[in-house]
Amino acid sequence: MQIGVVGLGRMGANISRRLMRAGHSTVVWDASQAAVQSVGADGAVGAADLADLVGKLSGSPKTVWIMLPHGKITEDTINTLAGMLSKGDIIIDGGNTYYKDDVRRGRALAEKGIRYLDVGTSGGVWGLERGYCLMIGGDTDAVNHLDPIFAALAPGMGSIERTRGREGRDARAEQGYIHAGPVGAGHFVKMIHNGIEYGMMQAMAEGFDILKGRASAKLPEGERYDLNVGDIAEVWRRGSVVTSWLLDLTAEALAKDEGLEGFSGHVDDSGEGRWTIEAAIEEAVPADVLAASLFVRFRSRQDHTFAEKVLSAMRFGFGGHVEAPKK
């Protein structure tokens with residue numbers, strides 16, 4: 001299949017590359033022509049602007065995947081494309097957009113006959129090799145039409161054991177992608193995924209902070225332990241119940257630098273954690289851990305601990321998120 005990709009940052013470029021590896025063709029555009037040329041060198045057709053991208057897409061329906069930061073830049077791009085595409089064409093927003101914006105956009109585009117899919121995309125900078133976990137919202141016919149695209153981007157079963165009792169259920173979930181529901185459902189599921197991620201990261205970071213602090217002179221001498229946190233992270237990867245990709249990333253960071261001196265501990269949040277707490281408030285669902293983990297990120301911008309360095313190392317590991325410069 002052929003698809004347009006707009007936004008060739010950390011994930012957009014590799015989405016295009018993974019699709020091409022699977023035999024699909026991509027037409028790409030980014031405000032940076034250097035980025036366009038880089039992906040073009042791997043086989044993509046480069047476009048000079050959005051109009052050129054749409055013009056280079058053949059067949060019907062035309063599909064454009066947008067991979068841009070949430071907010072005005074995504075809003076403006078969708079509005080521009082809506083004036084260029086035709087009835088039945090498909091716009092995909094694969095960024096971390098607020099699901100309520102998806103609902104509004106979906107209705108507006110439907111009035112023009114353009115179909116809109118929101119795709120929560122997890123995989124970070126590792127997606128090219130590992131694949132992307134996809135949570136899709138939107139029209140069933142559009143989702144089914146683009147199944148070859150989603151299947152190519154998803155990680156597949158890999159080496160993960162099958163879950164007992166799933167016989168007869170939607171096989172796509174085992175492949176790493178799902179049709180979550182109507183417009184907005186994909187980004188809503190991804191939003192909660194990221195909220196959970198905050199809590200998991202916080203628990204791990206606090207644990208390693210406690211381990212590292214056990215050598216403190218404030219403790220009785222017989223109860224002090226000079227623990228090798230890098231080795232602890234590594235042994236926990238091997239059969240413990242806290243084994244996870246986040247632990248893998250933590251172990252890798254600690255193996256390189258056990259003191260994590262390359263990280264200040266300034267931890268940003270990109271919106272999804274806040275939106276998750278807002279959803280919990282709307283539903284009157286207690287979310288103690290998720291709320292606390294969000295507030296820790298706020299505090300980290302004022303006072304840094306080893307725990308925040310661990311958080312920052314994990315964010316860099318899975319998403320390439322570089323700490324904001326000190327003010």
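I92 has L117 in β6 as its bridge partner. That contact belongs to a parallel pairing: β5 (residues 90-93) and β6 are joined by four bridges, where two strands count as paired if DSSP finds at least two bridges between them. Helices here are DSSP runs of H or I with at least four residues, strands are E runs of at least two, and both are numbered from the N terminus. To get from β5 to β6 the chain passes through helix α5 (residues 99-110), in a right-handed β-α-β crossover. Right-handed here means that, with the strands pointing away from the viewer, the path from the first strand over the helix to the second runs clockwise.

This is a predicted model, so local features need pLDDT of at least 70 and side-chain atom pairs count only at pLDDT 80 or more, while totals for chains, interfaces and linings use all residues. Residues are numbered from 1 along each chain as its sequence is written, and side-chain values use heavy atoms, with hydrogens and water left out.

On the antiparallel side, β6 pairs with β7 (residues 133-137) over five bridges, and D118 sits opposite G137 in β7. How covered is strand β6? Mostly: of the eight residues in β6 (residues 115-122), seven are buried, with buried meaning under 20% relative accessible area, exposed over 50% and partly exposed in between (1.4 Å probe, protein chains only).

β1 (residues 2-6) and β2 (residues 25-29) run parallel, joined by five bridges, with G4 opposite V27 in β2. Together with helix α1 (residues 12-21), these strands make a right-handed β-α-β unit.

V27 also has a bridge partner in β3, namely V45. The β2 and β3 (residues 45-46) pairing is parallel too, over two bridges, and the chain gets across through helix α2 (residues 33-40) in another right-handed crossover.

## The nonpolar core

The largest nonpolar core has 25 residues, and F208, L254, L260, V310, L311 and M314 touch the most other members. A core in this sense is a set of buried Ala, Val, Leu, Ile, Met, Phe, Trp, Tyr and Cys residues joined through side-chain atoms within 4.5 Å. Two or more residues each come from α10, α11 (229-236), α12 and α15, and α15 has the largest share, seven residues.

## A cavity and a pocket

There is one cavity of 30 Å³ or more, and the largest cavity holds about 30 Å³ of space. On a 1 Å grid over the protein atoms alone, a cavity is a set of points where a 1.4 Å probe fits but cannot get out; a pocket is an open set with protein on both sides within 12 Å along at least five of seven lines, and lining residues have an atom within 4 Å of a point. Points are joined across faces, edges and corners, and the volume is the space filled by probe spheres set on them. N96, T97, H187, K190, M191, E272 and W275 line the largest cavity, with α10 (185-212) giving the most, three residues.

The second largest pocket comes in at about 180 Å³. Its lining includes W126, L249, F263 and G317. Both α12 (245-256) and α15 (306-319) supply two or more lining residues, and α12 gives the most, with four.
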